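Reader: Could you walk me through this protein and the words used for it?
Author: Gladly; let's have a look together.

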Amino acid sequence: MKTFSAKPADIEKKWILIDAEGVVLGRLASIVAMRLRGKHKPSFTPHMDCGDNVIIINAEKIQMTGKKREERFYWHTGHPGGIKSRTKQEILEGAYPERVVQKAVQRMLPGNRLSRQLMTNLRVYAGTEHPHEAQAPEVVDVKVLNSKNTRTAK
């Protein structure tokens with residue numbers, strides 16, 4: 001039996017819509033990373049982009065367990081004394097709350113050129129509106145996959 005290796009002509013990409021309201025961040029990120037990579041398909045090939053296009057709405061209403069909202073993201077500006085930090089709560093309340101979800105998904109993908117290409121298949125929106133109605137996305141309900149995927153707001 002020969003090992004199947006997908007060619008670009010063999011790959012079928014679907015559009016998937018996920019509502020992130022009330023869903024735990026890490027569980028959502030792992031499901032989205034698997035869908036972006038294409039590991040849910042029997043024709044998965046590690047070196048090809050066989051995953052689906054994923055649209056995430058309501059990113060500002062994501063939930064986190066424990067004290068993860070108070071955890072800090074750090075970065076350096078490149079100037080002396082230029083270390084900066086911001087909590088996840090501050091980012092969610094700021095101008096770009098979708099960045100928390102984008103970074104969580106990005107960090108679940110391998111750090112190579114393919115993952116940078118896969119990240120272009122991810123679209124995250126803070127609210128309920130998105131401009132991808134023409135693609136007729138299939139709705140995937142992450143809440144019913146596992147009871148631990150949801151958390152009530154505190």
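**The core and its surroundings**

Author: Among the 31 residues of the largest nonpolar core, Leu 28, Val 32, Ile 56, Val 101 and Leu 122 touch the most other members. Helix 1 gives the most to this core, with seven residues. This is a predicted model, where local features need pLDDT of at least 70, side-chain atom pairs count only at pLDDT 80 or more, and totals for chains, interfaces and linings use all residues. Residues are numbered from 1 along each chain as its sequence is written, and side-chain values use heavy atoms, without hydrogens and water.

Reader: What makes a set of residues a nonpolar core?
Author: Its members are buried Ala, Val, Leu, Ile, Met, Phe, Trp, Tyr and Cys residues joined through side-chain atoms within 4.5 Å. In soluble globular proteins, nonpolar side chains tend to be buried together.

Reader: Which residues does Leu 122 touch, not counting those up to four places away in sequence?
Author: They are Val 32, Leu 36, Val 54, Ile 56 and Val 105; contact means heavy atoms within 4.5 Å.

Reader: Why is Ala 95 called exposed?
Author: Its relative accessible area is 67%, and exposed means over 50% (buried is under 20%, partly exposed in between; 1.4 Å probe, protein chains only). So Ala 95 counts as exposed. Ala 95 sits in the loop between helix 2 and helix 3.

Reader: How many helices and strands are there?
Author: Four helices and six strands. Both are DSSP runs numbered from the N terminus: helices are H or I with at least four residues, strands E with at least two.
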